[in-house]
Amino acid sequence: GGIPAAVPSRPLRTAAPLSSDFFRELGQTLERMGQTLRDQLPASGRGERGWLPPGTHPDPRPPDEADVVVVGGGVVGWSVAYWLKVLEGRRRRHGMKVIVVERDPMYSRASTVLSAGGIRQQFSLRENIQMSRFSASFLRDINEYLGVPNEPPIDIQFQPSGYLFLASPQNAAALEATVQFQRDEGAQVTLLSPTQLKEKFPWINTEDVAVASYGLEDEGWFDPWTLLNAFRRKAISLGVQSCSGEVRAFVISANYMTPPAPSSARIKYVHVYMPDSLEYQPVACAIVVNAAGAWAGKLLEAEGLPKGLCRPPLPIQPRKRYVFTWHCPNGPGLSCPFLIDTSGAYFRRDGFAGNYLGGMSPSEEEEPDPSDLSVDHDYFQEQIWPRLAQRVPAFESLRVQGSWAGYYDYNTFDQNGVLGPHPQLENLFLAAGFSGHGLQHAPAAGRAVAELVIKGRYETLDLRRLGWDRLVDGEPLQEHGVV
């Protein structure tokens with residue numbers, strides 16, 4: 001049968017011993033991967049995390065009934081749900097049944113996650129300043145509010161750094177008056193002359209600046225995703241249910257005072273359409289909260305709501321806003337605040353390694369098409385970069401690194417949130433239209449709406465002026481500090 005040929009023997013290679021640094025780094029990487037995976041897993045009602053086979057949907061079908069249906073699982077919706085459970089206390093034996101319906105469970109288009117993450121006290125409207133002050137104190141003690149037993153403490157990566165508003169000579173008097181008003185409301189804000197500005201921030205070109213306002217405390221930026229997740233986890237640990245789907249229709253019972261048109265109505269059922277399916281689940285409910293963000297206006301045009309009862313329409317539309325990131329090694333550095341230029345362009349530091357992010361709201365005539373989240377890169381080159389380089393000469397040599405687009409839930413009426421009960425749909429409450437300051441006001445707005453639902457009145461902050469009446473009366477509450 002022949003003798004098999006000898007197999008040439010190869011010398012065995014021995015690997016170099018692995019250093020302890022390698023194992024430490026590997027451990028840290030695995031821990032980060034594990035945390036990311038844990039964040040993606042839904043918390044089950046019992047507070048443990050359940051594993052799901054790939055391809056199955058994380059959230060169960062909605063229940064047949066709930067006390068409160070919150071439409072919209074962004075940070076405002078989850079804040080409302082959290083405060084409802086906190087404020088109900090132990091008064092009810094079985095507790096209030098609250099469900100949050102979110103149509104984009106991966107949050108790929110969610111305003112919360114795509115925002116620049118800032119918080120400031122520098123607003124021109126009393127209610128906005130008060131909500132910012134409440135939220136700042138909430139974020140400072142976030143673990144007392146949102147910490148979950150046996151889970152790691154929450155770190156929202158807060159970067160304390162003031163907002164710096166620059167005013168041209170024609171806007172100087174208005175800025176000075178606004179700062180006086182902010183101080184009367186308890187905000188710590190200082191005014192800087194061009195000379196003081198140049199001393200504090202030598203990298204700024206002050207040539208067309210008459211005065212600047214700078215926040216001394218409770219301002220800065222943080223990680224929006226961490227805050228959203230913290231609200232969601234805590235609410236779920238308190239018994240809130242989460243489900244994926246889209247609310248596209250309602251069933252109402254109308255109160256016919258003068259036939260044929262009803263004068264008011266109650267929502268009896270919410271129809272939740274399942275993801276990628278024509279199926280829907282009717283959910284009987286006592287209260288509905290519209291926290292649908294940029295789509296809050298569209299929700300009130302849903303099937304089943306009589307048009308006559310939704311007058312005037314809710315003036316909230318999705319508006320697309322770009323955020324660009326860039327690198328500039330000789331830029332402002334660690335002293336960089338959240339700067340709002342006289343031109344409307346803004347930027348802030350992004351981490352510590354010479355990275356920055358920023359953008360600018362377009363004029364009404366230049367509003368981009370909001371049907372998708374594509375980014376117009378020419379907008380940075382033609383509109384934003386010249387303004388940045390004019391204000392910070394070092395930015396002449398910046399290098400763009402990335403970009404994304406997100407939505408403002410833009411209130412075309414007066415750029416402020418609409419909070420509180422709907423005048424004709426008796427059991428519908430609104431929490432939307434923040435026009436770019438929803439993330440920072442979510443802790444306060446969520447508490448306010450929960451107070452209305454549970455106690456029938458505002459207790460912590462009086463936000464009645466942000467209600468629907470101003471839409472009916474045609475009297476806008478103008479906020480001058482919209483960025």
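How do the axes of helix α2 (residues 75–88) and helix α7 (residues 224–237) cross, and within what distance do they come? The points below start there. The model is predicted.

1. **Helices α2 and α7.** The two axes come within 9 Å, and they cross at roughly 30°. That makes α2 roughly parallel to α7, because angles under 35 degrees count as roughly parallel. The crossing of α2 and α7 is left-handed.

2. **Residues between α2 and α7.** On the α2 side, the contact involves V75, W78, S79 and Y82. On the α7 side, these meet L227, L228, F231, R232, K234, A235 and I236. By class, the contact of α2 with α7 has eight nonpolar residues, one polar and two charged.

3. **Helices α3 and α10.** Which residues does this second helix pair span? Helix α3 covers residues 126–140, and helix α10 covers residues 438–455. Their axes come within 7 Å and cross at roughly 100°. That makes α3 roughly perpendicular to α10. From α3, the contact draws on N128, M131, S132, F134, S135 and F138. From α10, it draws on Q440, H441, P443, A444, A445 and R447. The residues of this contact of α3 with α10 divide into six nonpolar, five polar and one charged.

4. **Aromatic pairs: W83 and Y145.** A search of the whole structure finds 25 aromatic pairs. In one of them, the ring centres of W83 and Y145 are 6.0 Å apart and the planes are at 65°, so the pair is edge-to-face. W83 lies in helix α2, and Y145 lies in helix α4 (residues 142–146). The pair therefore ties together parts that are 62 residues apart in sequence. W83 counts as buried, at 1% relative accessibility. Y145 counts as partly exposed, at 26%.

5. **Aromatic pairs: W326 and F395.** Here the ring centres are 5.6 Å apart and the planes are at 85°, so this pair is edge-to-face. W326 sits in strand β13 (residues 316–327). F395 sits in the loop between α9 (377–391) and β17 (399–411). The pair ties together parts that are 69 residues apart in sequence. Both W326 and F395 are buried.

6. **The aromatic cluster.** W326 and F395 also belong to one aromatic cluster.

7. **A cis peptide bond.** Which peptide bond is cis, with omega near -10°? The bond from R311 to P312 is. P312 is found in the loop between α8 (296–299) and β13.

8. **Positive phi at N150.** N150 is not a glycine, yet it has a positive phi of about 65°. Its place is in the loop between α4 and β4 (159–160). Is N150 buried or exposed? N150 is exposed, with a relative accessible area of 85%.

9. **Positive phi at Q415.** Q415 has a positive phi of about 60°, and Q415 is not a glycine either. Q415 lies in the loop between β17 and β18 (418–421). At 13% relative accessibility, Q415 counts as buried, because the cut-off for buried is under 20%.

10. **E475.** E475 is placed in the segment after α11 (469–473). At 53% relative accessibility, E475 counts as exposed. Leaving aside its neighbours within four places in sequence, E475 is in contact with F413 and R470. The C-alpha atoms of E475 and D414 are separated by 8.9 Å. Along the chain, E475 and D414 are 61 residues apart.

11. **The protein as a whole.** How many helices and strands does the secondary structure come to? The count is 11 helices and 19 strands. The protein has 483 residues, and buried residues make up 51% of them. Take the contacts between residues at least 6 apart in sequence: 74% of these join residues at least 24 apart.

How values were computed
Residues numbered from 1 in each chain as written. Predicted model: local features only at pLDDT ≥ 70, side-chain atom pairs only at ≥ 80, totals over all residues. Heavy atoms only, no water. Axes fitted to C-alpha atoms, helices over the stretch in contact; angles between N-to-C directions. Helix = DSSP H or I, 4+ residues; strand = E, 2+ residues; numbered from the N terminus. Parallel < 35°, antiparallel > 145°, perpendicular 65-115°, else oblique. Left-handed = near helix turned anticlockwise from the far one by under 90°. Contact = heavy atoms within 4.5 Å. Nonpolar A, V, L, I, M, F, W, Y, C, P; charged D, E, K, R; others polar. Buried < 20%, exposed > 50% of the residue type's maximum accessible area, 1.4 Å probe, protein only. Phe/Tyr/Trp six-rings, centres within 6.5 Å; stacked < 30°, edge-to-face > 60°.
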